[in-house]
Every structure is written in structure tokens, then in C-alpha cells.
Amino acid sequence: ASQTPAQQSVKAASAKPGRQYYVQAGSFRQREQAEKRRVQLLLLDTEASIVSVERDGQSWYRVQAGPFDSSSQVASIRGKLSREGIDSLTTTRPGD
């Protein structure tokens with residue numbers, strides 16, 4: 001699947017080894033809804049990508065920003081989203 005420039009730049013911004021933080025700003029059944037949310041984040045100067053996952057035989061499209069190196073970066077992004085009425089949650093993954 002081809003990636004948008006925003007998705008490519010998110011992947012290029014690699015975090016340091018260790019824990020990587022992501023901000024999930026929605027999970028949608030329809031890709032169009034996820035794309036609308038991704039654009040909302042872009043308008044807030046927050047790069048985001050859409051990650052497709054399958055649960056119980058159904059596709060979900062998650063809008064995620066990151067990776068970020070620190071919880072303070074995550075807090076800043078989540079604060080910005082909250083002020084705009086966008087619910088979010090933090091996820092973590094081991095670094096490369």
C-alpha cells in the first residue's frame with residue numbers, strides 16, 4: 001500500500017531505542033472517518049497515520065500520532081487535542 005507524505009514523515013521520525021510513545025486519536029470502522037480525523041490532526045500541526053487492525057473479523061482504522069521519545073511530548077499533544085475536543089489515549093511499544 002502506498003503511503004501519504006504525512007505517513008512517510010511519521011515513520012522517518014524514529015524514536016530512540018527504548019520505549020516509544022504513540023497518541024491514538026480515534027478508532028473508526030470506516031476509513032473515511034479515520035481520514036477526516038487525520039486531517040483534523042494535520043490542521044493542528046500534528047502528523048498522524050492510519051493503522052488498520054482486524055478485531056473479531058472486522059477492520060478498524062486507528063488514527064495515531066508518533067512515535068514520540070518522551071511522555072512530556074505525549075502530554076503536550078494530548079493537551080492540544082483535548083482543547084479541540086478530540087479524545088485520545090497513549091499507547092507504548094518497545095523501541096527498535
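## Close-up views of a predicted model

**View 1. The surroundings of Ala-65.** Ala-65 touches Tyr-22, Val-23, Thr-46, Glu-47 and Ala-48, leaving aside residues up to four places away in sequence; contact means heavy atoms within 4.5 Å. This is a predicted model, in which local features need pLDDT of at least 70 and side-chain atom pairs count only at pLDDT 80 or more, while totals for chains, interfaces and linings use all residues. Residues are numbered from 1 along each chain as its sequence is written, and side-chain values use heavy atoms, with hydrogens and water left out. Ala-65 belongs to strand S3; strands (E, at least two residues) and helices (H or I, at least four) are DSSP runs, numbered from the N terminus. With a relative accessible area of 1%, Ala-65 is buried. Here, buried means under 20% relative accessible area, exposed over 50%, and partly exposed in between (1.4 Å probe, protein chains only). Thr-46 is 19 residues from Ala-65 along the chain, and their C-alpha atoms are separated by 7.0 Å.

View 2. An open sheet is formed by four strands in the order S2-S3-S1-S4, with antiparallel pairing; two strands pair if DSSP finds at least two bridges between them. Which strands stand at the edges? They are strand S2 (49–55) and strand S4 (89–94); each has a single partner strand, so one side of each lacks a neighbour in the sheet. On average, neighbouring strands of this sheet are turned by 40 degrees against each other, direction ignored. Axes are lines fitted to C-alpha atoms, for helices over the stretch in contact, and angles run from 0 to 180 degrees between N-to-C directions. Six bridges join strand S1 (residues 19–28) to S4 in the antiparallel sense. Among the residues in these strands, Arg-19 has Pro-94 in S4 as its bridge partner. Helix H3 (residues 71–83) packs on the sheet, where H3 touches S1, strand S3 (58–68) and S4; the direction of H3 makes about 20 degrees with that of S1.

View 3. The 13 residues of helix H2 (residues 31–43) should span 18 Å at 1.5 Å a residue, and the end C-alpha atoms of H2 are 18 Å apart, which agrees. The expected span of a helix is 1.5 Å times one less than its number of residues. In H2, the buried residues are Ala-34, Arg-37, Arg-38 and Leu-41. Seen down the axis of H2, these buried residues fall within an arc of 105 degrees, so they line one face of the helix; the arc is that of the directions from the helix axis to the C-beta atoms. Glu-32, Lys-36 and Leu-43 are exposed residues on the face of H2 turned away from its buried side. Asp-45, which follows H2, has a positive phi, near 60 degrees.

View 4. Val-74, Ile-77 and Leu-81 are the buried residues of H3. Down the axis of H3, its buried residues fall within an arc of 70 degrees, so they line one face of the helix. The cover over the buried residues of H3 includes S1, H2, S3 and S4. On the face turned away from the buried side, H3 carries the exposed residues Ser-72, Ser-82 and Arg-83. Ser-82 has a relative accessible area of 51%.
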